[in-house]
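Subject: Two-chain model, with notes

Hello,

Here is the model we talked about passing on. Please look it over before reading the notes below it.

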Amino acid sequence: MILTIFTAVIVVSLIGASLAGVLVISEHYLNDYGRCRITINDERELDVEGGEDLLSLLTAEKIFIPSACGGRSTCGLCKLKVLEGAGLLLPTEEPFLDKTERNSNVRLACQVKVRSDLKIEIPKELFAIREYTCKCTEITDLTYDIKLFRFELIEPKTMDYIPGQYVQLQAPAYKKSSEEVYRAYSIASDPAEKNLIDLIIRLVPGGICTTYCFEYLKVGDEVKMNGPYGQFRLTETDAPIVFIAGGSGMAPIKCILHQMKNTENKRNATYFFGANQPRDLFLLDLMEQFEKQLPDFHFIPSLSEPGDNSKLEYEKGFVTDAVRRRLKNARECEAYLCGSPGMIEAVIKVLLELGMSEEKTFYDKFE
Amino acid sequence: MDIQVDSNNRGGKGKMNGASQLSHAFIVFISAIFTQNILLSYFLGLCPFIGVSREVKTSFGLGMAVIFVMTSTCLLNWLAYQYVIEPLGLHFFRFILFIIIIAAFVQFVEMVIERYSPSLYQRLGVFLPLITVNCAILGASLFMVIREYSFIVTFGYGLGSGIGWFLAIIAMAGIRQRLANDRIPKGLQGPGITLIIAGLMALAFIGFTGVLSGN
């Protein structure tokens, strides 16, 4: 009896194992599509091993296509144009592509299997995304819970970005986290200094990346980041600008202001900086400098808990109250917002009430 | 619809001579298609039958795949039964062993189809790996064991069952394509009307009973 069971188990396992072996071998030969050439934007050519999906192959070649779901075709972020060599549209791609996209050969990179040579088109911004190794050269305290981290780029040495974009900073595995994580932070530095990336980071209690930055990262340490990402940027019009951001949300605004100074941008701009108490204000000197250097820039902090001894020139109350009081020409203005989703929603409501049109509001919502 | 067990036909030992084996195989082949259609008489393999039979083109592809898988797995399982299960007396393990062989074989077929006809692979979608759990496939192998068919007869039986299944799904697809533009009550649309049609087809095939019984 026992012998029978024993024999049975062994026999079935052996047969199962040998069948698995046959499958592995045949997969090796059947899935062998040889080397395939991927031509990107008619300028760059990649020589890769076929048989994988396009997203993984591109990532392996350090071309970062946005993806939130890791290839499971549930996020729809990995769209790009495949002009030649794509094969039929898969049912897994259909829900994410509308008629115009289908007609212009837009596909989901994670679903396109590379079987032969491909010709693809990637938006220029995605093409510019690289992985950077950098060194932390300075850590400055801005407030009790916000620091400015300066990173010098080592490899590649410069980053071409548009003011308003963000990078994904990699926090390596450390005591509080067993695996590496990526967190997005807006670039705060002066775009004229292409080899420096400044990040303004607020300590989030229990946050994996912020804890790493505040308690473990030292000057001289090497970190990795990739980017630049993001659509948040100044328009090319002449419309007056309203910036609204508090805390570490100042980062992209600061970067944009540097750029405005570099390009001698003459647009009228007002920056409403919302904070709780006087100790939450920072970089006031820099803002004063911008007020002097830019022809028409005004910095308006607003404190919801001013206390007794705050300067009278600060607005009192929430930033929405300050905007209501001080913004007179909302109808012509463009608004650039950076902060928590709650703050952005509240502010947009006020701006629309004041007459601003919704298409003129731009925001960066990831705080 | 009765299962005929012919104890005189120890097929595995090949006692009958070649010519009568062949004629037995042929009879089994014909009966597996018409009188003992594995889908319409034994109601095995209904899931993809209802799921894929919307289009003749896709049903054609799936039907061909099923014919191929059914014939090949019947033969492979016959070999496994003769040379592994019988000698070692592991009859109780036949279900597991058959399923393992079927699963591996379907995986292999998947890889081949994906390589040589990506369009068919995409059209079949999830129903290709689902052939593994198509009870008609396992059913054919088990019937082959119960009826103690010899190798040639197994070939005829597997091929015939596959073709019978194929015919049934093609017929269903043809009917459904015709019905696509007709007004069907909301509650019956889809699986409802398909099952009714399947029932009517099965009734029609009952007309073949008694013409031939493949034992």
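The notes below take the conventions, then each chain, then the contact between the chains.

This is a predicted model, in which local features need pLDDT of at least 70 and side-chain atom pairs count only at pLDDT 80 or more, while totals for chains, interfaces and linings use all residues. Residues are numbered from 1 along each chain as its sequence is written, and chains are lettered from A and ligands numbered from 1 in the order in which they are written.

Confidence

The model scores ipTM 0.71 and pTM 0.58. The average pLDDT (the predictor's confidence in each residue, from 0 to 100) of chain B is 85, and 90% of the residues of that chain score at least 70. Over residues 5–14 of chain B, pLDDT stays under 50, and the model has 15 contacts beyond four places in sequence for that stretch. A contact here means two residues whose C-beta atoms, placed from the backbone, lie within 7 Å.

Chain A

Chain A has nine helices and 17 strands. Helices (H or I, at least four residues) and strands (E, at least two) are DSSP runs, numbered from the N terminus. Of the 367 residues in chain A, 32% are buried. Buried means that 20 or more other C-beta atoms lie within 10 Å of the residue's own; exposed means 12 or fewer, and partly exposed is in between, with C-beta atoms placed from the backbone. Among contacts in chain A with a separation of 6 or more, 69% are between residues 24 or more positions apart.

Strand 1 (residues 35–40) of chain A pairs with strand 2 (residues 44–49) of chain A in the antiparallel sense, over six bridges. Two strands count as paired if DSSP finds at least two bridges between them. A:Arg35 is opposite A:Glu49 in strand 2. The two strands form a hairpin with three residues between them, and A:Asn41 in the turn has a positive phi of about 55 degrees. Strand 1 of chain A also runs parallel to strand 5 (residues 118–121) of chain A, joined to it by three bridges; there A:Ile38 stands opposite A:Leu118.

An open sheet of six strands in chain A has the order 15-14-13-12-16-17, with parallel pairing. Strand 15 (315–316) and strand 17 (361–364) of chain A each have a single partner strand and stand at the edges, so one side of each is left without a neighbour in the sheet. Strand 15 of chain A pairs with strand 14 (residues 297–303) of chain A over two bridges, in the parallel sense, and A:Glu315 is the bridge partner of A:Ser302.

Which residues of helix 5 (residues 208–216) of chain A are buried? They are A:Cys209, A:Thr210, A:Tyr212 and A:Cys213. These cover an arc of only 160 degrees around the axis, which puts them on the same side of helix 5 of chain A; the arc is that of the directions from the helix axis to the C-beta atoms. The buried residues of this helix pack against strand 7 (146–155), strand 8 (166–171), strand 9 (181–186) and strand 10 (196–202) of chain A.

A:Arg326 lies in helix 8 (residues 319–326) of chain A. A:Arg326 is partly exposed, with 14 other C-beta atoms within 10 Å. A:Arg326 and A:Phe272 are 54 residues apart in sequence and 9.5 Å apart in space, C-alpha to C-alpha.

Chain B

Chain B has eight helices and zero strands. Of its 215 residues, 40% count as buried. Residues 24 or more positions apart make up 84% of the contacts in chain B with a separation of 6 or more.

The buried residues of helix 1 of chain B include B:His24, B:Val28 and B:Phe29, and helix 7 (151–179) of chain B is included in what covers the buried residues of helix 1.

B:Phe34 is in the loop between helix 1 (18–33) and helix 2 (46–52) of chain B. B:Phe34 is partly exposed, with 19 other C-beta atoms within 10 Å. Not counting residues up to four places away in sequence, B:Phe34 touches B:Phe205 and B:Phe208.

Contact between the chains

In the model, 19 residues of chain B are in contact with 17 residues of chain A. On the chain B side, helix 3 (56–88), helix 4 (94–116) and helix 5 (118–124) of chain B are the elements that give two or more residues. Helix 4 of chain B gives the largest share, ten residues.

Regards
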